[in-house]
Amino acid sequence: MSTDSPATLLIDGRWRSGETNFDVVDPATQAVIGTATDGGEADAADALDAACRAFEAWRSTSAEQRGEFLRVAAAEIRDRVDPLAELLTSENGKPLRESAGELLGSARMLEWSAEEGRRAYGRVTPSSPSGPGLVLTAPVGPALAITPWNFPASMLIRKIGLALAAGVPLIVKPAEQTPLIATELVRIIEETGIPAGVLQSVTTSRPAEVAGTLLADKRLRKVSFTGSTEVGLGLLRGTGTHLRRTSLEMGGHSPAIVFADADLPAAAAGVAAAKFFNAGQSCIAINRLYVHREVHDEFLGLLEKKVAALRIGHGAATGTTIGPLIDRDGLDKVEHHVEDAVAHGARVLTGGTRWRPDDPELTGAFFEPTVLTGAGDDMVISRAETFGPVLPVYSFDTDEEAIERANATDYGLAAYLFGPDLDRIWTALDRLNFGVIGVNEGAPVRPELPFGGMKNSGQEREGGSEGIEAFLDTKAVSIKLRESR
């Protein structure tokens with residue numbers, strides 16, 4: 001595969017280059033690893049024109065035929081997982097093992113989506129005195145998917161799979177930090193022979209310009225966005241006079257609760273996985289860890305060993321389990337959160353500072369995996385999403401206290417519970433205001449489960465049987481039968 005070709009715009013079935021390009025860098029070394037075409041307003045307009053032309057034929061294509069394109073693409077991703085993982089790691093920084101896992105999960109998502117297209121059912125309602133009723137579904141129309149850099153394969157594929165399975169032509173706008181893996185995955189799907197205009201991609205370093213062009217056009221009927229809460233709310237405000245379906249998967253501030261009767265070694269492993277995966281740059285990463293006072297010290301001893309065993313380095317290096325942050329801004333934010341917490345009484349159990357590698361080529365934004373004890377609710381880290389490898393730990397005395405403090409946030413994406421008591425767990429599940437909850441589980445995301453949040457973490461869902469509904473409109477049909485004579 002090539003990482004230096006500037007022809008990264010797929011529009012109306014053709015790969016297009018442009019007058020300007022932008023560099024893509026390895027976040028671990030800051031070395032330029034490739035170039036992407038810098039798409040603009042004209043490219044966005046051309047893509048929407050093509051999507052509109054493709055819509056009627058694609059919506060009329062059978063669900064089985066649409067699914068076959070996705071199944072072929074999934075098989076190709078599996079066959080090429082190793083070189084694709086190397087590409088993903090080179091522009092995102094995560095360890096190769098995590099990249100490969102993300103890609104294999106993406107293949108599963110395509111396979112799930114292929115089957116969901118055949119299950120986009122309506123229903124027949126019981127007859128009234130005048131006759132039966134029908135509920136029908138129909139593809140919503142041309143859509144835009146805006147995807148993030150932290151999971152540049154899985155977030156992209158989740159949107160592509162569900163949209164295409166539903167009969168919706170899709171324009172994707174990958175994150176400017178990670179356009180190369182997105183382009184390669186789009187190329188794989190395009191090479192299945194999918195009709196021109198059904199799937200298109202506009203790489204750009206000017207996302208507001210491209211998105212603004214599309215949002216201003218009432219023919220765009222759907223937006224699916226994953227990214228920051230600030231940008232997502234801006235997309236809603238940008239709707240103007242043309243109401244359209246908008247799926248938002250935004251920020252999080254995920255709590256985890258370790259109850260006194262939890263399996264502490266298993267809980268420590270689950271917490272470490274849920275927090276430090278992708279260097280903590282995940283919207284479902286644990287941001288606040290509440291540990292029952294009775295087991296607080298014992299649990300921290302186990303957790304410290306797990307965190308100390310993490311190995312920082314280039315994502316492609318053997319043995320690396322935690323890579324760099326995506327950029328210096330992310331590093332500055334993490335450092336500020338730690339400094340503020342310490343100033344307000346927290347203690348650094350492990351980590352706590354920028355990592356200084358011996359290798360002079362590793363000039364990226366590395367931060368040591370960090371655990372803070374004695375955290376208080378008045379600290380910045382207790383309110384704002386860190387998006388980095390720092391975990392503050394709080395103690396609690398009662399279940400009610402833990403749940404109340406866990407809910408005390410404007411976000412509602414993910415939460416985690418560790419303990420065996422079903423009564424306690426069920427009560428917590430009922431009361432926690434979060435869209436995704438892991439129970440004794442550090443990785444609660446599966447194609448079969450809906451993914452999305454409450455409050456300022458988003459609206460609508462991706463994945464599960466609910467995922468395809470976000471790309472479908474609903475029609476209610478009331479039928480009055482001819483009266484008998």
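Me: Where is E460 found in this predicted model, and what makes E460 partly exposed?

Reply: E460 is found in the loop between β21 (458–459) and α14 (464–467). Its relative accessibility is 27%. Buried would need under 20% and exposed over 50%, so E460 falls in between and counts as partly exposed. E460 also has a positive phi of about 65°, although it is not a glycine.

Me: Why does K455 count as partly exposed?

Reply: With 40% relative accessibility, K455 counts as partly exposed, because that class covers values between 20% and 50%. K455 lies in strand β20 (residues 454–455), and its phi is near 50°, a positive value in a residue other than glycine.

Me: Nice. Why is T61 called buried?

Reply: T61 has a relative accessible area of 18%, and buried means under 20%, so T61 is buried. Its place is the loop between α1 (41–60) and α2 (63–79).

Me: Why are α3 and α6 called roughly antiparallel?

Reply: The axes of helix α3 (residues 81–92) and helix α6 (residues 179–190) cross at roughly 150° and come within 8 Å. Angles over 145 degrees count as roughly antiparallel, and therefore α3 and α6 do too.

Me: Which residues meet there?

Reply: From α3 there are L84, L87, L88 and E91; from α6 there are P179, L180, I181, E184, L185 and I188. By class, the contact has 8 nonpolar, no polar and 2 charged residues.

Me: On to the rings: how many aromatic pairs does the structure hold, and what makes the pair of W149 and F387 edge-to-face?

Reply: The structure holds 6 aromatic pairs. The ring centres of W149 and F387 are 5.8 Å apart, and a pair needs centres within 6.5 Å. Their planes are at 90°; over 60 degrees counts as edge-to-face, so this pair is edge-to-face. W149 lies in the loop between β7 (143–146) and α5 (154–166), and F387 in the loop between β15 (370–373) and β16 (390–396), so the pair ties together parts that are 238 residues apart in sequence.

Me: Is W149 buried or exposed?

Reply: W149 counts as buried at 16% relative accessibility, because the cut-off is under 20%. F387, at 22%, counts as partly exposed.

Me: Which charged residue lies over the face of W15?

Reply: That is R187, at 4.2 Å from the ring centre. Likewise, the charged end of R119 sits over the ring of W112, 5.2 Å from its centre.

Terms used: Residues numbered from 1 in each chain as written. Predicted model: local features only at pLDDT ≥ 70, side-chain atom pairs only at ≥ 80, totals over all residues. Heavy atoms only, no water. Axes fitted to C-alpha atoms, helices over the stretch in contact; angles between N-to-C directions. Helix = DSSP H or I, 4+ residues; strand = E, 2+ residues; numbered from the N terminus. Parallel < 35°, antiparallel > 145°, perpendicular 65-115°, else oblique. Contact = heavy atoms within 4.5 Å. Nonpolar A, V, L, I, M, F, W, Y, C, P; charged D, E, K, R; others polar. Phe/Tyr/Trp six-rings, centres within 6.5 Å; stacked < 30°, edge-to-face > 60°. Buried < 20%, exposed > 50% of the residue type's maximum accessible area, 1.4 Å probe, protein only. Lys NZ or Arg CZ within 6 Å of the ring centre and 35° of its normal.
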